[in-house]
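I opened the model today to look up a few residues and contacts. My notes follow in the order I took them.

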Amino acid sequence: MASKAPAHESASRLPTRPIARERVRMSVGDYIKEQIFEGKIRVGERIPQDEVARVLGVSNTPVREAVIALESEGILEIRPHRGAFVCHVDRDRIRDNYELFSLLYGWALKRAVAGTSARNKHELVAIAGRLGGEKDLEAIRPLMVEFVDVLGRMCASPAWRHLVDAVPDLLPADAYYTAVPGMADAVAPWMRLIAEAVDQGDGEAAASAAERMLQQHGAALVAELERRGLFDAS
């Protein structure tokens, strides 16, 4: 009779992934979100924390920290002496989150346009303009990060960035534009409108474009989750 292979030698259902060592806990959290989104860890299932640590090549500590953070976002539920389990995925909650994003970004654009210098305005217009013409999925995400950083600096509100970061999102930010079909094409026209409005000093129009763009993002994410059957699994 063949001997059973040690647990650490068994094939993993989870893919390996390089981890950014300067942000390990956040990277582990994003990895877990991605596995939920891809259906490798289903709603109601327990997070295999030891396996996650093994395939990522990290200790259990950042995995536990990521699990605690994901519980605070409402994505996982920690049950004493049993582990952490994937929570029910709710359409309305996702829509609500993107409604909050739209309000936060709309507020920031109005404040930034009203109080910014011509130099800062030109910087934001340039980034928005690049996003308006960008077709490369891999290039959109870093440009969006740059846009948010500049916007945060222009609106001069530390509380704004804290609030944006506090709104949970089921999909890792790094994966959004590559995982949700059509998002690259959906970003471009809105960012062109934002660039034009900021350039003209029209904060209301810039805010309106951002709000509608983010509401569209939320609807697209809900549609993709429905296509993948995540709501059915709930």
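I started with His 81, which is exposed at a relative accessible area of 89%. My cut-offs: buried is under 20% relative accessible area, exposed is over 50%, and partly exposed is in between, with a 1.4 Å probe and protein chains only. His 81 sits in the loop between β1 (76-79) and β2 (83-86). I read its phi as near 65 degrees, a positive value in a residue other than glycine.

For the record, this is a predicted model, where local features need pLDDT of at least 70, side-chain atom pairs count only at pLDDT 80 or more, and totals for chains, interfaces and linings use all residues. Residues are numbered from 1 along each chain as its sequence is written, and side-chain values use heavy atoms, with hydrogens and water left out.

I looked up Ala 156 next. Its phi is near 50 degrees, again positive in a residue other than glycine. Ala 156 is in the loop between α6 and α7 (158-166). It is exposed, with a relative accessible area of 51%. Helices here are DSSP runs of H or I, at least four residues; strands are runs of E, at least two; both are numbered from the N terminus.

**His 217**

Is His 217 buried or exposed? It is buried, at a relative accessible area of 3%. I placed His 217 in helix α10 (residues 203-228). I then listed what His 217 touches, leaving out residues up to four places away in sequence: Tyr 98, Tyr 176, Tyr 177, Met 183 and Val 187. Contact means heavy atoms within 4.5 Å.

**Helix α6 against helix α9**

I checked how α6 (residues 137-155) packs on α9 (residues 183-199). The angle is about 35 degrees and the axes are 11 Å apart. Axes are lines fitted to C-alpha atoms, for helices over the stretch in contact; angles run from 0 to 180 degrees between N-to-C directions. Leu 137, Ile 140, Met 144 and Phe 147 make the contact from α6, and Ala 184, Val 187, Met 191 and Ile 194 from α9. By class I noted 8 nonpolar, no polar and no charged residues. Ala, Val, Leu, Ile, Met, Phe, Trp, Tyr, Cys and Pro count as nonpolar; Asp, Glu, Lys and Arg as charged; the others, Gly among them, as polar.

**Salt bridges**

How many salt bridges does a search of the whole structure find? It finds 12. The test is a side-chain nitrogen of Lys or Arg within 4 Å of a carboxyl oxygen of Asp or Glu.

Arg 91 meets Glu 226 at 2.8 Å, N to O. This pair links distant parts of the chain, 135 residues apart: Arg 91 is in helix α4 (residues 91-115) and Glu 226 in helix α10. Arg 91 is partly exposed at 32%, and Glu 226 is partly exposed at 37%.

Arg 161 pairs with Asp 165, with the closest N and O atoms 3.4 Å apart. Both lie in helix α7, 4 residues apart, about one turn of the helix. Arg 161 is partly exposed at 32%, whereas Asp 165 is exposed at 55%.

Arg 227 pairs with Glu 224, with the closest N and O atoms 2.8 Å apart. I found both in helix α10, 3 residues apart, about one turn of the helix. Arg 227 is exposed at 58%, but Glu 224 is buried at 4%. Salt bridges with shared partners join Glu 38, Glu 224, Arg 227 and Arg 228 into one network.
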